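Thanks for making time this morning.

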Amino acid sequence: MVPAGARCATHAQVAAVDVCQRCGRFLCGDCIELVEDDSFCADCAARVNVPGSKLAKAGLVVTGLSWLAFGGFAFGYRTPLFLIGLVLVPGPGALAALTIAVMEWRRMKAGLSAARGRRWVVATFLFATPLLLLSVAMIAFAAFVFFGLIASERVES
Ligand SMILES: [Zn+2]
Ligand SMILES: [Zn+2]
């Protein structure tokens with residue numbers, strides 16, 4: 001990680017032992033600032049160590065609720081009302097979760113939100129994307145069946 005003979009960027013007479021994970025500056029033992037087990041220089045540590053945003057977790061919560069709605073409507077299916085719920089609730093829920101995740105990802109890239117929220121955002125992407133695809137497929141299928149019914153009724157009458 002640190003080339004042989006590298007010196008601390010601030011203390012030229014001291015050997016470097018690590019590199020700042022953000023700006024790449026060489027650091028001696030005195031200059032290392034640990035944030036979540038990663039080494040940073042003092043300047044970068046101040047920028048990286050911003051408070052986490054609750055949005056990151058909110059995205060995953062919305063994803064979970066959307067999946068619950070999907071499961072509830074799918075397994076509790078009794079009436080057409082459930083079918084409408086199955087088609088109309090989980091998709092927009094997943095879309096909202098993905099929107100939150102993208103917003104949060106941008107905030108992290110801009111240094112406005114703590115990078116440790118990344119796992120929540122990644123989990124949101126992983127779980128909300130399949131649900132969104134599933135919902136789009138269901139909506140397409142429902143539309144197909146619906147317009148198929150209308151078309152067949154026209155033929156009969
Ligand atoms: Zn730095
Ligand atoms: Zn130093």
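I will begin with how to read the model and then turn to its layout.

This is a predicted model, in which local features need pLDDT of at least 70 and side-chain atom pairs count only at pLDDT 80 or more, while totals for chains, interfaces and linings use all residues. Residues are numbered from 1 along each chain as its sequence is written, and chains are lettered from A and ligands numbered from 1 in the order in which they are written.

The chain is divided into domain 1, residues 1-49, and domain 2, residues 54-156, with bounds that come from an automatic or database domain assignment. The C-alpha centres of domain 1 and domain 2 lie 43 Å apart, and along its principal axes the C-alpha trace spans about 95 × 25 × 20 Å.

From the N terminus on, the elements run β-β-β-β-α-α-α-α-α, where helices (H or I, at least four residues) and strands (E, at least two) are DSSP runs, numbered from the N terminus.

Let us look at helix α4, residues 90-109, which has 20 residues and reaches 28 Å from its first C-alpha to its last, close to the 28 Å expected, that expected span being 1.5 Å times one less than its number of residues. Which residues of α4 are buried? They are Pro90, Gly91, Gly93, Ala94, Ala97, Ile100, Ala101, Glu104 and Met108, where buried means that 20 or more other C-beta atoms, placed from the backbone, lie within 10 Å of the residue's own. After α4 comes Gly111, whose phi is positive, near 75 degrees.

Terms used
Buried ≥ 20, exposed ≤ 12 C-beta atoms within 10 Å, placed from the backbone.
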